[in-house]
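Work through the exercises below with the model open. Try each task before reading its solution.

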Amino acid sequence: MSFTPLFPGMLLDAADRFAQDHAATQNFTDADPIREMGWACTVVPEESGGVGGTLADLGSVVEGLATHGLHLPVVETCAVAPILLQAAAPETAARWLEAVCEGSAKIAPLTALSASLDDIAVQAKQLDIGYELTGAVQGVDVSLEATHYLVPAVLQGTGEAAIFLVDRERIPAPATSYRTMEGRRGADFRLEQLTVPALACMARGAEAQRALVQADNAALLLTAADTVAALAALIQQTVDHLKERRQFGVTLSSFQVLRHRTADMYVRYLGAKGLLMHAFREYESGAAGLRRTLRLMKVALADSARACAESAIQMHGGMGVSEEVLATRLAQRLLASEFRYGDRLTHAARLLAPQDPDAPADESPTRAATHLSRSSP
């Protein structure tokens, strides 16, 4: 079985080494590895102090971490946040992107990991001197400390989407905190008539909606890259386990039924990898049907990932339920990824709807996450 890298290069090598060194840690309360490694600047343009890289470059980081089961909010911090910041006026966006790259601002989205970014849970009421935010956001990744949060909201009266940049001090403490299935630190926030100044509104209307769709596209792609990378590592771990463990005087790999089951996992992996590469090509070419492709990929990958995760756990026997085993952690990661940015049932329902609510956004797709354009606001 061959498992060639999805996004080979120096970024993958660096992320892979970092994940190897810190796989046993999984707790970065007093550190900020994303910014220390410079990953937060990956898709930020050079004129704003960034690297000017592509989404595939960020995919290298995701792949390196996923292979070793290390959890960091790379998708949220390095893709979603910069794209949402891009929706602001050029001067404002450039100033905040520079602050992100310098490390003086640590910006994260206050959005639910389990929902699409354009599935907004917060309502905004315009006041004479600012706005009032109300709503409950469940399942926010709080693995790393943030100085500011980007809060998508729906403006009352107009129904327009808006994006607010709010200081962390203004955000109330989480209503509850917990550990997610795959080991992330999650929290639920409740905003009760939270007052913010007018300048906190970074974008509204068409620009805000476009940025939310662009960020969601990038999040779906990178989550899929995480899934495929974790799937490859899980199959490799399973093969190694079958070769090493013995039963009735022979290795488990000699049992035909287990060999066939492993082969089925590998075929599913090849199909998932092909879907991912096709989606990346459509993303980079600005294909008109990108949104539909991403939804189809989400549905297909969720099914393959769940089937492979269950098979791997069963073939590991009793060891398959111990989180000390990498294969178990990878299986948990695959199961959890099904629910990231909308589960497969949600995406299937939107595909089957008479008219996809995201269709207007597909008519003029952009490549904001591939490179934050110099001319884009």
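## Exercise 1: The largest cavity

The largest cavity of this predicted model has a volume of about 220 Å³. Find which residues lie nearest its centre, and which elements give two or more residues to its lining.

Solution. 
- Step 1. The structure holds four cavities of 30 Å³ or more.
- Step 2. Go to the centre of the largest cavity. Leu72, Val75, Arg184, Asp226 and Arg333 lie nearest to that point, out of 20 lining residues.
- Step 3. Assign the elements. Helices H3 (55-67), H4 (74-85), H6 (206-244) and H9 (326-337) each give two or more residues to this lining.
- Step 4. Sort the lining by class. Nine residues are nonpolar, four are polar and seven are charged.

## Exercise 2: The second largest cavity

Describe the lining of the second largest cavity, which has a volume of about 100 Å³.

Solution. 
- Step 1. Start at the centre. Ala224, Thr227, Lys298, Leu301 and Ser337 are the closest of the 13 lining residues.
- Step 2. Assign the elements. H6, helix H8 (290-315) and H9 give two or more residues each.
- Step 3. Find the main contributor. H8 supplies the largest share, six residues.
- Step 4. Sort by class. The lining has eight nonpolar, three polar and two charged residues.

## Exercise 3: Helix H9

How many of the 12 residues of H9 are buried? What do the buried residues pack against?

Solution. 
- Step 1. Check the length. H9 reaches 16 Å from its first C-alpha to its last, close to the 16 Å expected at 1.5 Å a residue.
- Step 2. Count the buried positions. They number 11 of 12, and H9 is mostly covered. Among them are Leu330, Arg333, Leu334 and Ser337.
- Step 3. Identify the partners. The buried residues pack against H3, H6 and H8.
- Step 4. Link back to the cavities. Arg333 is one of the residues nearest the centre of the largest cavity.

## Exercise 4: Helix H5

Determine which residues of H5 are buried, and what covers them.

Solution. 
- Step 1. Check the length. H5 (residues 90-102) has 13 residues and reaches 18 Å, close to the 18 Å expected.
- Step 2. List the buried residues. They are Ala93, Trp96, Leu97, Ala99, Val100 and Cys101.
- Step 3. Look at the cover. It includes H4 and the strands S1 (107-109), S4 (148-155), S5 (161-167) and S8 (201-204).
- Step 4. Look past the end. Gly103 follows H5, and its phi is positive, near 90 degrees.

## Exercise 5: Val299

Is Val299 buried or partly exposed? Which residues does Val299 touch beyond four places in sequence?

Solution. 
- Step 1. Val299 is in helix H8.
- Step 2. Read the accessibility. The value is 25%, so Val299 counts as partly exposed.
- Step 3. List the contacts. Val299 touches Arg344, His347, Ala348 and Leu351.
- Step 4. Compare sequence with space. Val299 and Ala348 are 49 residues apart in sequence, yet 6.6 Å apart from C-alpha to C-alpha.

## Exercise 6: Cysteines

Solution. 
- Step 1. Take the sulfur distance. The cut-off for a disulfide is 2.5 Å.
- Step 2. Take the total. The count comes to zero disulfides.
- Step 3. Check burial. Cys78 is buried, with a relative accessible area of 0%. Cys201 is buried too, at 16%.

Definitions and conventions. Residues are numbered from 1 along each chain as its sequence is written. This is a predicted model: local features need pLDDT of at least 70, side-chain atom pairs count only at pLDDT 80 or more; totals for chains, interfaces and linings use all residues. Side-chain values use heavy atoms; hydrogens and water are left out. On a 1 Å grid over the protein atoms alone, a cavity is a set of points where a 1.4 Å probe fits but cannot get out, and a pocket is an open set with protein on both sides within 12 Å along at least five of seven lines; lining residues have an atom within 4 Å of a point. Grid points are joined across faces, edges and corners, and a volume is the space filled by probe spheres set on the points. Helices (H or I, at least four residues) and strands (E, at least two) are DSSP runs, numbered from the N terminus. Ala, Val, Leu, Ile, Met, Phe, Trp, Tyr, Cys and Pro count as nonpolar, Asp, Glu, Lys and Arg as charged, and the others, Gly among them, as polar. Buried means under 20% relative accessible area, exposed over 50%, partly exposed in between (1.4 Å probe, protein chains only). Contact means heavy atoms within 4.5 Å. The expected span of a helix is 1.5 Å times one less than its number of residues.
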